Amino acid sequence: MAYCGNCGAALEGGRFCPQCGAPVEPQSAAPKGGKKSPFMKIIVAAVVLAAAVFLVTRFLPKTVNEPCDWCGHKPSVAYQLRDGSYSYVCRDCSKECFWCGKKATKHYESMLGMMVFVCSDCYEDVS
């Protein structure tokens, strides 16, 4: 039911309010793309959350309780090699360039089937 914007009386149709005589604005249909229902907001939030969980669990390195290939410390991160096996490297060994000791920014699979972390300069020399 519509109500008068001037006095609040119930409108029964017509061009003027039966109570105060104020002109009645014609009612228009709700604009397309209006407010989303709370149910729709919940669904959108659930889809975004599910996508975030999938991306985090799929693409972030997985910490495992295996000894590091380089220093033997646990835990380490498992890196899958070309042959399907894994190389295990702890966080400390992945921070420092294997060759010069600078901050490691890249990694590659060595001929021995181990993951090696190096700085950009050493990576250019190796590749």
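**A walk along the chain**

Starting from the N terminus, the elements of the protein chain come in the order α-β-β-β-α-β-β-α, where helices (H or I, at least four residues) and strands (E, at least two) are DSSP runs, numbered from the N terminus. The radius of gyration, taken over C-alpha atoms, is 33 Å, well over the 14 Å that the globule rule gives for 127 residues, so the protein chain is more spread out than a compact globule. That rule is 2.2 Å times the number of residues to the power 0.38. Along the principal axes, the C-alpha atoms fill a box of roughly 90 × 30 × 25 Å.

A word on the model: it is predicted, with local features needing pLDDT of at least 70 and side-chain atom pairs pLDDT 80 or more, while totals for chains, interfaces and linings use all residues. Residues are numbered from 1 along each chain as its sequence is written, and side-chain values use heavy atoms, leaving out hydrogens and water.

Now look at residues 42-60. The unreviewed UniProt entry annotates them as "transmembrane region", though such annotations may be inferred rather than shown by experiment. In the model this span is 95% helix and 0% strand, and its end C-alpha atoms lie 27 Å apart.

Further on, strand E4 (residues 106-109) runs antiparallel to E5, joined by four bridges; pairing takes at least two DSSP bridges. Glu109 sits opposite Met115 in E5. Five residues lie between the strands of this hairpin, and Gly113 has a positive phi near 75°.

In a regular strand, side chains alternate between the two faces of the sheet. In E5 (residues 115-118), Met115 and Phe117 point one way, Val116 and Val118 the other, and all are buried (under 20% relative accessible area, 1.4 Å probe, protein chains only).

Notes. Buried < 20%, exposed > 50% of the residue type's maximum accessible area, 1.4 Å probe, protein only.
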